[in-house]
Amino acid sequence: MIPTLATKRNEHNNRAAYLPFGAKRDGPLRHQHILSVKQFTPRDLDAVIAVADEMRIIVERIGAFDLLHGKVLAVLFYEPSTRTSASFIAAMQRLGGGFIPINEVRYSSVAKGESLPDTIRTLEGYADVIALRHPETGAAALAAQYARKPIINAGDGIGEHPTQALLDLFTLIKERGALDGATVTMLGDLKYGRTVHSLARALALYNVKLNYVSPDILRMPRELVAELNARGIQQTETSALQDVLGATDVLYVTRVQKERFANLEEYEAVKDAYVITPETLTHAKADMALMHPLPRVGEISPAVDCDPRAAYFRQVEYGMYVRMALLAMVLGKA
Ligand code: CP
């Protein structure tokens, strides 16, 4: 069960004003931690996507507004990031709020050995919401056990990256118009890739078909395949992209992550397993969407960037609108 701000607050200071997890709330995600895609209902996803689209329109019209004036976001990142950290900060700024960036934990008291719970309890004295990235799976859930303020999982090791899944869904809808009926092919590092773990779970709430393309040693975790199988999702696995490319509506490419390998020889053996080039796209549907959470290191040739199917930089921008929506929703302002 996902620990909620409500129940933690009740434990901490015996206030009874908060509802238990799963109870009817006056706004989806209000006062909730965002830890895993598993916590979302279809209603939650619809709400995030709708609010994100409103944020997009407002940003395009006026750039920024003061919805979260007086609120502060702490960005606590124990792993490198460009998009997630920058888009959370930009999201808070465009909503009129402030932020505390701790992107370089080696310059914080973490370098002196401070524990994650103590760091969280310190930052929540200054901030209203904390976005946390950490190399260990389950770190965000651990932080949530100590937090009185909402924790947003911004990536926990090889576990999940739920806000990426939300922006991926938003991108899919923007690119295709709808999710139902889509065939989504995930390619690359499916074993360690937290983005694909979260996205596969999120897509399982829709009527989609999933293809997994990876080297044998980087296959989707068996427990996740079994979980989605039990939910009736049609899944196909192969190591050959050509087996499924022609029937693919969305090709979601991921980086083979050197930092996740204990054995660098294994990494070297698979790092160049797939490279998407203009020639690859000649075998794809004319309206296929090509997505990637980024960063890329060679798995999509820059020569593909000018193809209208290349959606990954639009995907980056959509991330800010989705994170604006999430911040507004967890802080009860949407
Ligand atoms: N997609 C993503 O998480 O990118 P960053 O690692 O740059 O945040």
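Which residues surround the ligand?

1. The ligand is surrounded by S81, T82, R83, T84, R133, H161, Q164, P293 and L294, where a residue counts as near if one of its heavy atoms lies within 4 Å. This is a predicted model, in which local features need pLDDT of at least 70 and side-chain atom pairs count only at pLDDT 80 or more, while totals for chains, interfaces and linings use all residues. Residues are numbered from 1 along each chain as its sequence is written, and side-chain values use heavy atoms, with hydrogens and water left out.

2. By class, this shell has two nonpolar, five polar and two charged residues. Domain 1 (37-160 + 319-330) and domain 2 (162-316) both give residues to the shell, so the ligand lies between them; the bounds come from an automatic or database domain assignment.

3. Three polar contacts (pairs of N or O atoms within 3.5 Å) can be described for oxygen atoms of the ligand: a backbone N or O atom of T82 lies 2.8 Å from one, a side-chain N or O atom of T84 is 2.7 Å from one, and a side-chain N or O atom of R133 is 2.9 Å from one. Taken alone the ligand exposes 260 Å², of which the protein buries 91%, by the Shrake-Rupley method with a 1.4 Å probe.

4. R83, T84, Q164 and P293, named above in the shell, are also among the residues that line the largest cavity, a set of points on a 1 Å grid where a 1.4 Å probe fits but cannot get out, with lining residues having an atom within 4 Å of a point.

Terms used. A polar contact is a pair of N or O atoms within 3.5 Å; within protein, one must be able to donate a hydrogen and the other to accept it, and residues adjacent in sequence count only if both atoms are side-chain atoms. Ala, Val, Leu, Ile, Met, Phe, Trp, Tyr, Cys and Pro count as nonpolar, Asp, Glu, Lys and Arg as charged, and the others, Gly among them, as polar. On a 1 Å grid over the protein atoms alone, a cavity is a set of points where a 1.4 Å probe fits but cannot get out, and a pocket is an open set with protein on both sides within 12 Å along at least five of seven lines; lining residues have an atom within 4 Å of a point.
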